[in-house]
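Here's a quick walk through the charged side chains of one protein model. Have the coordinates open as you read.

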Amino acid sequence: MNDPAQNTRDFAGAIARGDSLAASSSYTSDALLQPPNAVAVAGRDAIAAFWRAGLDSGVRDIELTPSSERVHEGFAFELGVYVMRIETPEADSVVDRGRYLLVHERQADGSWLYAVEMLSPDLSAEVRT
């Protein structure tokens, strides 16, 4: 059984391994993901496809650092900052930084999964050569 923090570590580890299916297993079957400047992505299968597309386009890892967490009976809320590294052969490496909101939902087995995620990037990305 996991807790909200372990679920977040499991998600980040799956992204670092390039495993979109493992990453999507951190979400409930009917989760909502709100990426920046795009329509919301609904459901685990669509979220797996979203992260697969991100990995295919160069996402190499993501660090999620919580700044505030609140756990209630069936939900936990997490606010924090993220750092996402993107590398492509055609361009310089990019470091995308921003803030995130996660709503974790306790499952019947006592584990925690993401029910809602929202990413809000800073206005500028750092380009590394």
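## Ground rules

This is a predicted model, with local features needing pLDDT of at least 70 and side-chain atom pairs counting only at pLDDT 80 or more, while totals for chains, interfaces and linings use all residues. Numbering runs from 1 along each chain as its sequence is written, and side-chain values use heavy atoms, leaving out hydrogens and water.

## The pair in helix 3

Side chains of opposite charge can pair when their charged atoms come close. The structure holds three salt bridges (a side-chain nitrogen of Lys or Arg within 4 Å of a carboxyl oxygen of Asp or Glu).

One of them ties D56 to R52, with the closest N and O atoms 3.1 Å apart. The two sit four residues apart in helix 3 (residues 44–56), so about one helical turn separates them. Helices here are DSSP runs of H or I, at least four residues long, and strands are E runs of at least two, both numbered from the N terminus. D56 is exposed at 57% relative accessible area, whereas R52 is partly exposed at 31% (buried is under 20%, exposed over 50%, partly exposed in between, using a 1.4 Å probe and protein chains only).

## R85 and its two partners

Next up is a salt bridge between D61 and R85, at 3.0 Å from N to O. This pair links distant parts of the chain: D61 belongs to strand 3 (residues 59–71) and R85 to strand 4, 24 residues apart.

E63 also meets R85 in a salt bridge, at 2.9 Å N to O. Through shared partners, D61, E63 and R85 form one salt-bridge network. As for accessibility, D61 is partly exposed at 23%, R85 is partly exposed at 22%, and E63 is partly exposed at 38%.

## E78, buried with no salt bridge

Which side chain of opposite charge is nearest to E78? That's R9, 8.9 Å away, and E78 is buried with no salt bridge (Lys and Arg count as positive, Asp and Glu as negative; His and chain ends aren't counted).

Leaving aside residues up to four places away in sequence, E78 touches residues including P66, Y100 and L102 (heavy atoms within 4.5 Å).
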